[in-house]
Amino acid sequence: MAPFSRGEGPGERPGPSGEGSLRLRGRLAEAGVAGGHDLHERKPRWMRAEVRIGDGYLRLKRTMRELGLVTVCEEAGCPNIFECWADGTATFMINGERCTRACGFCLVDTRRPGPLDPDEPARVAEAVHRMGLQYAVVTAVARDDLPDGGASAFAATIDAIRARTPQVAIEVLIPDCKGDAGALATIFDARPDVLNHNLETVARLQRAVRPSAEYARSLAVLAAAKRAGLTTKSGLVLGFGETFDEVVAALADLAGVGTDIVTLGQYLRPSSYHLPVARWWEPDEFAELARIGERMGIAHVEAGPLTRSSYHARQAAGAADDAATRAAPVTGAGRH
């Protein structure tokens with residue numbers, strides 16, 4: 001198996017004893033990070049997710065297979081898959097299952113992607129309807145091979161869900177579309193209820209963690225979505241070697257562009273080809289970061305070791321709406 005994929009990878013090769021790729025570890029060293037936890041060592045007790053294969057999980061899996069759909073829950077090896085699927089929620093991954101980027105933490109396939117399936121938006125809409133969802137999350141692999149980065153497929157999927165089940169709230173987790181204003185406008189104009197784009201890591205570690213993306217470009221995407229009047233969301237994965245102060249600085253940057261919701265979670269290394277875990281962040285640290293972020297003006301910070309971008313997405317959106325309502329000025333009082 002090649003690094004970062006289930007087949008032909010992007011050119012990274014494993015180092016001695018298969019312990020990570022030399023290029024990835026070189027990037028980490030350039031950023032001042034050395035060493036890390038062994039892939040096979042015992043994880044802290046707070047990193048153990050409960051396995052619950054119940055009727056809800058099996059029903060959702062059956063629906064996905066019947067409709068030929070892909071979920072990021074499976075593709076990214078999410079530790080919360082049993083909890084979320086048992087609750088009847090999932091994150092649909094559109095535009096195929098192969099990504100044109102090779103981020104150092106991600107398990108998604110990086111072989112050459114195929115053409116888009118024009119029927120995929122309708123199948124996602126059908127799955128949302130069958131599952132009786134009130135809140136649907138749609139994400140995608142990066143498709144730098146497409147002129148619009150896959151933006152039109154996001155818009156088509158939003159439209160298809162709304163046509164099939166109008167009352168469903170829709171969150172999209174988008175790639176940066178290389179910052180192309182026209183591509184981003186295509187998604188913004190479809191008016192998702194929440195627009196999520198992840199910053200992923202602190203400024204110092206961007207090149208090591210996601211070499212095809214840019215910290216400033218991601219902030220610009222979020223700022224543009226906010227100017228378009230959308231509720232915005234972003235997330236950071238911790239454990240690559242960042243410091244507490246660097247995470248606080250990233251939260252300040254996200255607050256500075258008006259981000260409404262932020263997720264913070266612990267990195268779990270998918271394989272020996274991926275970046276090592278530099279350290280395990282403790283639950284109390286996540287709680288403190290959540291308090292700091294909300295004091296900065298971020299309406300809701302969902303933070304915890306097992307938190308992922310779509311974890312408790314419906315609840316986070318509701319909390320952000322409540323916070324915005326409380327913060328809104330009271331009007332119409334008039335003078336007496």
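**Burial, contacts and helix packing**

Reader: Which residues does N95 touch, not counting residues up to four places away in sequence?

Author: In this predicted model, N95 touches L116, E120, A140, V141, R143, G150 and A153, with residues up to four places away in sequence left out; contact here means heavy atoms within 4.5 Å. Residues are numbered from 1 along each chain as its sequence is written, and side-chain values use heavy atoms, with hydrogens and water left out. Because the model is predicted, local features need pLDDT of at least 70 and side-chain atom pairs count only at pLDDT 80 or more, whereas totals for chains, interfaces and linings use all residues.

Reader: Why is N95 called buried?

Author: The relative accessible area of N95 is 2%, and buried means under 20%, with exposed over 50% and partly exposed in between (1.4 Å probe, protein chains only); N95 therefore counts as buried. N95 sits in the loop between strand 2 (91–94) and helix 5, where helices (H or I, at least four residues) and strands (E, at least two) are DSSP runs numbered from the N terminus. The backbone oxygen of G150 lies 3.3 Å from a polar atom of the N95 side chain. This is to be set against the limit for a polar contact, a pair of N or O atoms within 3.5 Å, of which, within protein, one must be able to donate a hydrogen and the other to accept it, while residues adjacent in sequence count only if both atoms are side-chain atoms.

Reader: What makes T259 count as buried?

Author: T259 has a relative accessibility of 3%, so it counts as buried. T259 belongs to the loop between helix 10 (244–256) and strand 7 (261–266), and a polar atom of its side chain is 2.8 Å from the backbone oxygen of L254.

Reader: What makes helix 5 oblique to helix 6?

Author: Helix 5 (residues 120–131) and helix 6 (residues 151–164) pack at an angle of about 40°, with axes 8 Å apart, the axes being lines fitted to C-alpha atoms, for helices over the stretch in contact, and the angles running from 0 to 180 degrees between N-to-C directions. That makes helix 5 oblique to helix 6, since angles under 35 degrees count as roughly parallel, over 145 as roughly antiparallel, 65 to 115 as roughly perpendicular and the rest as oblique. On the side of helix 5 the contact is made by P121, A122, V124, A125, E126, V128 and H129, and on the side of helix 6 by A156, T157, A160, I161 and R164. These residues divide into eight nonpolar, two polar and two charged, where Ala, Val, Leu, Ile, Met, Phe, Trp, Tyr, Cys and Pro count as nonpolar, Asp, Glu, Lys and Arg as charged, and the others, Gly among them, as polar.

Reader: How do you know that helix 6 is roughly parallel to helix 7?

Author: The axes of helix 6 and helix 7 come within 8 Å and cross at roughly 5°, which makes helix 6 roughly parallel to helix 7. A151, S152, F154 and A155 of helix 6 and A183, T186 and I187 of helix 7 make the contact, which by class has five nonpolar, two polar and no charged residues.

Reader: Why does A290 count as buried?

Author: A290 has 13% relative accessibility and therefore counts as buried. A290 lies in helix 11 (residues 283–295) and, leaving aside its neighbours within four places in sequence, is in contact with V301 and A303. Across the protein chain, 52% of the 336 residues count as buried.
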